[in-house]
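Here is a short briefing on one protein model.

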Amino acid sequence: MQHKAIALLFGASALCSSFMLAAEELRPMGFFVTSTGLGDGANLGGLAGADAHCQKLATAAGAGNREWRAYLSTEEKDKRGISARDRIGNGPWYNAHGILIGANLTDLHLYNNKITLETALDENGNRIKGRYDKPNQHDILTGSQDDGTAYFPDDADHTCNNWTSNGEGSAQVGHHDRHGGGNTSWTSAHGTRGCGKDDLPKSGGNGYFYCFAAD
């Protein structure tokens, strides 16, 4: 009887593991905050450089089989630039722990309450420092308005010269922890105090940005 009980226990354990693996396969990681920036302030090498960084981090974390895009908008003269929301596919997106971040674009932007300090994890499933941590690193580069769209042309710089400046300019950031200055937007909280490596921490950032699987 003892041997049968042990066999049943191992069988139940194996079955449980199989269910967990099946669940992970059904909910592959499709969202993360970069664990590191590119080390040159908001100069990310443009959208191409930012996308490549997302792909590199995802690959190192075992998720390189998906097409990764940076959640960043651009600006253009005399017309609206490329919108971050148009670059990331249609969802659904899960974080590294299999938690749903957004079912689709409407859920992600209009109804989102799923991106928080506890769920906006990096590619390895680690938490990004928020407002009450030291140092605060909750400013996430987006260059976007609250709904994920690019800005219409104006006199301000919202993208650090389309992610190529490490000096003058500014970039719009969101707060991944939904705290700070009375603004709970994960996409569009305020502008940075410059584009350099030493400028971004002044308002609570470290050059991080969101990455989404667009496939």
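The torsion about the S-S bond of Cys54 and Cys211 is about -75°, so this disulfide is left-handed. Cys54 belongs to helix 2 and Cys211 to strand 8, so the bond ties together parts that lie 157 residues apart in sequence. The model is a predicted one. The protein has 215 residues, and 48% of them count as buried.

**Disulfides**

- The count of disulfides comes to 2.
- In the pair Cys54 and Cys211, the sulfur atoms are 2.0 Å apart. Both Cys54 and Cys211 are buried.
- Cys160 and Cys195 form a disulfide as well, with 2.0 Å between their sulfur atoms. The link of Cys160 and Cys195 is left-handed, at -95° about the S-S bond.
- This pair also links distant parts of the chain: Cys160 sits in helix 4, and Cys195 in the loop between strand 7 and strand 8. The two are 35 residues apart.
- Cys160 has 0% relative accessibility, so it counts as buried. Cys195 is buried too, with a relative accessible area of 0%.
- Counting bonded cysteines along the chain, the pattern is 1-4, 2-3.

**Overall architecture**

- The protein contains 4 helices and 8 strands.
- Read from the N terminus, the elements run α-β-α-β-β-β-α-β-α-β-β-β.
- Take the contacts between residues at least 6 apart in sequence: 66% of them join residues at least 24 apart.

**Helix 2**

- Helix 2 covers residues 46-60, which is 15 residues. From first C-alpha to last, helix 2 reaches 22 Å, close to the 21 Å expected at 1.5 Å a residue.
- Which residues of helix 2 are buried? They are Gly46, Leu47, Gly49, Ala50, Asp51, His53, Cys54, Leu57 and Ala58.
- In an α-helix there are 3.6 residues a turn, so residues three or four places apart point the same way.
- The buried residues of helix 2 pack against strand 1 (31-33), strand 2 (68-70), helix 4 (160-163) and strand 8.

- Strand 6 spans residues 172-175. Gln172 and Gly174 point one way from strand 6, while Val173 and His175 point the other way. All four are buried.
- Strand 6 pairs with strand 5 (residues 139-141) in the antiparallel sense, over 3 bridges. Asp139 stands opposite His175 in this arrangement.
- Strand 6 also pairs with strand 7 (residues 190-191), again in the antiparallel sense, over 2 bridges. Here Gln172 has Gly191 of strand 7 as its bridge partner.

**Aromatic rings**

- The structure holds 9 aromatic pairs.
- Trp93 and Phe212 form an edge-to-face pair, 5.5 Å centre to centre with 85° between the planes.
- That pair links distant parts of the chain: Trp93 is in strand 3 (residues 93-94) and Phe212 in strand 8 (residues 205-213), 119 residues apart.
- Are Trp93 and Phe212 buried or exposed? Trp93 is buried, and Phe212 is buried as well.
- Trp93 and Phe212 belong to one aromatic cluster, along with Phe31, Tyr71, Trp186 and Tyr210.
- Elsewhere, Arg80 lies over the face of Phe152, at 3.9 Å from the ring centre.

**Gly143**

- Where is the place of Gly143? Gly143 is in the loop between strand 5 and helix 4.
- Gly143 shows 0% relative accessibility, so it counts as buried.
- Gly143 touches Ser73, Tyr151, His158, Thr159, Trp163 and Gln172, leaving aside residues up to four places away in sequence. Of these, Gln172 is part of strand 6.
- Gly143 and Ser83 are 60 residues apart in sequence, with 8.9 Å between their C-alpha atoms.

Methods
Residues numbered from 1 in each chain as written. Predicted model: local features only at pLDDT ≥ 70, side-chain atom pairs only at ≥ 80, totals over all residues. Heavy atoms only, no water. Buried < 20%, exposed > 50% of the residue type's maximum accessible area, 1.4 Å probe, protein only. Pairing = 2+ DSSP bridges. Phe/Tyr/Trp six-rings, centres within 6.5 Å; stacked < 30°, edge-to-face > 60°. Lys NZ or Arg CZ within 6 Å of the ring centre and 35° of its normal. Expected span 1.5 Å × (residues − 1). Contact = heavy atoms within 4.5 Å. Disulfide = S-S within 2.5 Å.
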